[in-house]
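Colleague: I have some time before class, and I would like to look through this one with you. Could you take me through it step by step?

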Number of protein chains: 2
Amino acid sequence: MSPTGAPIDGFYSVIPAGGIGSRLWPLSRADAPKFLHDLTGSGQTLLKDTWDRLAPLSGPSRIMVVTGRAHRAAVEDQLPDLSDPNVVLESEPRDSSAAIGLAAAILVRREPDVIVGSFAADHVIRDARGFRRAVQEGVAAARAGFIATIGITPTEPAIGFGYIHCAGPIAIDGAPNAVAANSFVEKPDLATAERYLADGDYLWNGGMFIARADVLLRQIGESDPDLLAGIERLADAWDTPARGAVVDKEWPRLRKIAIDYTVAEPAAAAGRLVVIPGDFEWDDVGDFASIAKLHAGGRKSDLAILGENARVLADRSTGIVISQSDRMISLVGVTDIVVVDTPDALLVTTTSNAQRVKSVVDALKLSGRDDVL
Amino acid sequence: MSPTGAPIDGFYSVIPAGGIGSRLWPLSRADAPKFLHDLTGSGQTLLKDTWDRLAPLSGPSRIMVVTGRAHRAAVEDQLPDLSDPNVVLESEPRDSSAAIGLAAAILVRREPDVIVGSFAADHVIRDARGFRRAVQEGVAAARAGFIATIGITPTEPAIGFGYIHCAGPIAIDGAPNAVAANSFVEKPDLATAERYLADGDYLWNGGMFIARADVLLRQIGESDPDLLAGIERLADAWDTPARGAVVDKEWPRLRKIAIDYTVAEPAAAAGRLVVIPGDFEWDDVGDFASIAKLHAGGRKSDLAILGENARVLADRSTGIVISQSDRMISLVGVTDIVVVDTPDALLVTTTSNAQRVKSVVDALKLSGRDDVL
């Protein structure tokens with residue numbers, strides 16, 4: 001371990017930059033997904049924030065990004081230090097097992113003992129030291145042969161996150177805080193979330209996985225041999241002239257399935273998954289309520305305003321305004337409001353309805369109004 | 001009186017088309033005032049609705065419109081039958097005493113016994129027969145030397161309207177329903193409005209005045225001799241080549257004062273004002289709550305949508321959306337909401353805050369953001 005901040009030995013970061021973030025429509029779109037937005041007011045995109053967080057841990061030359069072909073230019077524009085061999089382009093979205101599995105399979109061929117850590121491109125983490133400490137423990141657990149995940153200590157009974165039910169401590173050299181995982185549980189209702197919080201054995205599932213690449217692939221193969229076989233054929237061809245033809249043939253056939261189901265849950269069931277508790281501020285910025293909370297610093301009386309050229313005039317109003325225009329936006333007497341103003345679409349909802357924004361996107365899809373999606 | 005629908009003898013309609021309608025910002029603007037909008041879904045502007053209501057009563061050649069120079073083209077576009085001698089242009093707004101007084105003074109010179117009726121350009125009246133009946137009684141009262149106003153029978157304890165406190169019946173030939181006016185009272189609070197409604201002696205002040213032109217002018221002169229003198233100088237010059245020079249000199253000096261204070265209140269105090277109860281649907285469309293109510297037909301569960309090219313997708317939402325764009329507007333779980341979407345300004349409020357929209361306009365003025373006013 002390197003307390004000084006030098007890169008962690010043998011460690012490679014993987015950033016799957018995929019999901020659109022439907023609950024953040026009309027801000028997030030097919031051509032402007034969540035990771036390409038500055039949702040924290042940091043002055044840069046979530047993707048760049050993620051890169052900046054990982055670069056000290058793996059070194060900037062050891063970060064692989066898996067993203068859609070359509071986003072290549074935007075991603076490379078955001079990440080000037082991203083090297084060409086570390087760009088993995090998807091011809092179409094095939095979910096996280098395919099994306100992370102392929103990255104692991106490519107990397108293991110270049111470096112057999114590599115330890116990969118997968119971190120979403122669009123999450124917010126505010127404590128770099130706490131994050132580093134957790135990743136270091138995760139890498140130590142990975143060296144010991146485990147699949148490690150970072151579980152976030154809950155600060156409230158959140159209903160928008162999945163949880164990990166933890167068991168007792170596991171003795172792993174270099175991972176003093178590691179505990180065994182009992183199981184993964186889906187987003188709970190409020191009463192259940194309150195019980196989880198009181199119980200203390202439940203951590204938020206931050207979707208961060210750290211493992212030896214070969215261990216990760218073996219787990220995918222145990223869950224779905226066909227999926228692994230496809231990934232292996234892609235990886236075999238990746239650093240050869242055959243890449244294009246093999247991608248065209250194999251990639252669209254890969255099973256679309258989240259890594260939670262091919263890796264996290266079966267590894268937990270098999271006793272191979274350990275959890276490193278992460279005691280830092282984390283958010284998956286899953287909806288506008290979450291953005292409002294990030295900006296209000298927890299104060300309900302605030303109105304958060306995002307947007308470089310935002311012109312907002314508010315009278316007795318709280319919530320969040322996200323402006324992508326220079327239009328004058330006036331709010332009068334609206335509380336916990338969410339207003340998202342983009343050139344071709346406007347959303348008005350409340351923070352308590354934020355999770356339901358996805359229903360709008362579904363309705364727009366059904367009615368064929370793809371022009372605003 | 002003419003029950004058949006022929007024009008009323010000697011009657012002339014005056015439409016002061018002035019006020020911007022600040023409570024309807026950002027729909028109503030300096031360059032697009034309330035009377036130039038279709039707020040009822042009738043398919044035409046409030047001004048044209050007003051014209052269509054008055055044309056059968058006075059004949060289309062006997063309607064005078066007083067409006068700002070800036071709105072001349074729009075007004076003439078809306079009212080193709082408006083004859084040139086019936087267009088009175090204000091170089092700047094001087095309130096209703098000046099506007100209606102000048103119209104009366106011009107008309108009395110052309111036709112000494114003329115009876116004028118003044119009707120706002122931007123009110124909604126839905127019962128043409130009931131309206132005609134009330135105007136006919138008002139004209140009869142005017143012939144008898146009174147100043148008549150039409151008072152609307154309240155249907156709810158409205159706090160957005162002024163009221164007329166009525167006394168007992170007055171015997172006037174041709175005006176069987178006429179009652180004497182005790183006094184005019186300003187917009188009440190809810191408790192007072194409820195008392196008015198229960199009492200039965202209070203009618204809404206619809207701002208409609210009918211009188212012989214000479215009687216109306218005499219009343220203005222009693223209240224403010226200087227104002228009348230200015231109006232007379234303007235009227236003397238009006239149908240002569242001197243009009244331009246005299247307008248430039250006199251108009252800006254006229255006292256800005258509402259006709260309520262120069263005519264209605266002093267006439268009521270002097271026993272010269274009679275009220276014709278109008279038992280028809282009337283609204284001054286003063287704010288967005290009023291528009292929402294007009295469109296919802298009284299149902300609270302509705303979402304009213306105005307705008308030719310409105311694209312609205314609403315999920316469990318009520319209130320009103322007014323769209324001046326073809327942007328996709330999505331509402332999720334917002335109740336009694338008001339969303340007004342214009343090319344350069346957006347308003348989000350609720351129906352219960354509709355009266356406070358004026359505060360936004362005031363704030364925009366104070367901060368010098370006249371570009372959106």
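This is a predicted model: local features need pLDDT of at least 70, side-chain atom pairs count only at pLDDT 80 or more; totals for chains, interfaces and linings use all residues.

Colleague: How many aromatic pairs does a search of the whole structure find?

Modeller: Over all chains, the search turns up 16 aromatic pairs. Take Phe11(A) and Phe119(A), whose ring centres are 6.4 Å apart and whose planes are at 75°, so this pair is edge-to-face, the word used for angles over 60 degrees.

Colleague: Where in the chain do those two sit?

Modeller: Phe11(A) is in strand β1 of chain A, residues 11–17, while Phe119(A) is in the loop between β4 (115–118) and β5 (124–125), so the pair links distant parts of the chain, 108 residues apart.

Colleague: And is Phe11(A) buried or exposed?

Modeller: Phe11(A) is buried, because its relative accessibility is 0% and the cut-off for buried is under 20%. Phe119(A) is buried as well, with a relative accessible area of 3%.

Colleague: Which residues do ring pairs link into a cluster?

Modeller: The cluster holds Phe11(A), Phe119(A), Phe131(A) and Phe280(A). Phe131(A) also has Arg53(A) lying over its face, at 5.8 Å from the ring centre, and in chain B, Arg53(B) lies over the face of Phe131(B), at 5.8 Å from the ring centre.

Colleague: Changing topic, which residues of helix α8 in chain B are buried?

Modeller: In α8 of chain B, which runs over residues 243–250, the buried ones are Val246(B), Val247(B) and Glu250(B). Looking down the axis of α8(B), these buried residues fall within an arc of 100°, so they line one face of the helix.

Colleague: What is on the other side, and what does the buried face pack against?

Modeller: On the other side of α8(B), Ala245(B) and Asp248(B) are exposed, whereas the buried residues of α8(B) pack against α7 (225–238) of chain B.

Colleague: Now the two chains: how many residues are in contact?

Modeller: There are 34 residues of chain B in contact with 34 residues of chain A, and the area buried between the two chains is about 2800 Å², with carbon and sulfur atoms giving 56% of it. Arg327(B), Met328(B) and Val332(B) supply 23% of the area that chain B buries against chain A, more than any other three residues.

Colleague: Last one, what does the UniProt annotation cover in chain A?

Modeller: The unreviewed UniProt entry annotates residues 317–364 of chain A as "domain: MannoseP isomerase/GMP-like beta-helix". Over residues 317–364 of chain A, the chain is 17% helix and 44% strand, and the end C-alpha atoms are 29 Å apart.

Terms used: Residues are numbered from 1 along each chain as its sequence is written. Chains are lettered from A and ligands numbered from 1 in the order in which they are written. Side-chain values use heavy atoms; hydrogens and water are left out. UniProt positions are given in the numbering used here, feature names are shortened, and annotations may be inferred rather than shown by experiment. Helices (H or I, at least four residues) and strands (E, at least two) are DSSP runs, numbered from the N terminus. Buried means under 20% relative accessible area, exposed over 50%, partly exposed in between (1.4 Å probe, protein chains only). The arc is that of the directions from the helix axis to the C-beta atoms. Contact means heavy atoms within 4.5 Å. Rings of Phe, Tyr and Trp (its six-membered ring) pair if their centres lie within 6.5 Å; planes under 30 degrees apart count as stacked, over 60 as edge-to-face and the rest as tilted. A charge sits over a ring if NZ of Lys or CZ of Arg is within 6 Å of the ring centre and within 35 degrees of the ring normal. Buried area is the accessible area (1.4 Å probe) that two parts lose on being put together, summed over both.
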